[in-house]
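Here is a short tour of a protein model, written to be read with the structure open beside you. Please keep the viewer handy as we go from one spot to the next.

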Amino acid sequence: MQPFTVAWTDATPEQRARSVLQYHWRRWGEWQPENWELNLVAVRDGVVVGTQGIGARDFPVRREVSTGSWLGRTHHGQGLGTEMRAAVLHLAFAGLGAQHAVSGAYADNAASLAVSRKLGYREDGIERHAVRAEPAVLRRLRLTAEQWQRHQPVPVEMEGLPDCLPWFGLV
């Protein structure tokens, strides 16, 4: 299964390492309050187990974030994907005042779709993509602030956010 539009998992370890670094450097270098993407890592017992991203365009006006994640296969089925997403959703809704969060997963990615359902996301249409030169259906998902209020399965704490608000286009 290829859960991503870009088949980065097909690259050699050296190519993948370089690509990952370049991607993150690009995101940091291009950060603007009106167009940002924050990519975080999830660490368990000192080991990076996955990544969780959150981003937005024109956030002060649209009040909408998008999320995306990757979790190492050996860490699936332990609730870590839910915890990772819950953390950035807490940042979005409780910290930044988002009204909506959107995400997506390919139709064959049952685990990701299950995490989204557990957190209260609802179907929001489909997109057709080409993955490995084959057609693939991406299921779009949407979560409102009200739905999030009803589906907060993980307690989350934030520290130091007020000083960072201008970076997110909020003053």
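Arg132 is partly exposed, with a relative accessible area of 45% (buried means under 20% relative accessible area, exposed over 50%, and partly exposed in between, using a 1.4 Å probe and protein chains only). Before going further, please note that this is a predicted model, in which local features need pLDDT of at least 70, side-chain atom pairs count only at pLDDT 80 or more, and totals for chains, interfaces and linings use all residues. Residues are numbered from 1 along each chain as its sequence is written, and side-chain values use heavy atoms, with hydrogens and water left out.

Most residues other than glycine have a negative phi. Arg132 is not a glycine, yet its phi is positive, about 55 degrees. You will find Arg132 in the loop between S5 and S6. Asp45 is another non-glycine residue with a positive phi, of about 50 degrees. Its loop lies between strand S1 (35-44) and strand S2 (47-57). Asp45 is exposed, with a relative accessible area of 77%.

## Strands around S6

Helices (H or I, at least four residues) and strands (E, at least two) are DSSP runs, numbered from the N terminus. Two strands pair if DSSP finds at least two bridges between them.

Strand S5 (residues 122-131) runs antiparallel to S6, and eight bridges join them. Arg122 has Arg142 of S6 as its bridge partner. The hairpin of S5 and S6 has two residues between the strands, and this is where Arg132 takes its positive phi. Strand S4 (residues 100-106) is also antiparallel to S6 (residues 134-144), with seven bridges joining the two. Here Gly104 is bridged to Arg140 in S6.

## How H3 meets H4

Which angle do helix H3 and helix H4 make where they pack? For H3 (residues 80-95) and H4 (residues 110-118) the angle is about 50 degrees, and their axes are 10 Å apart. (Axes are lines fitted to C-alpha atoms, for helices over the stretch in contact, and angles run from 0 to 180 degrees between N-to-C directions.) H3 is therefore oblique to H4; angles under 35 degrees count as roughly parallel, over 145 as roughly antiparallel, 65 to 115 as roughly perpendicular and the rest as oblique.

On the H3 side, Gly81, Thr82 and Arg85 make the contact, and on the H4 side Ser112, Val115, Ser116 and Lys118 do (contact means heavy atoms within 4.5 Å).
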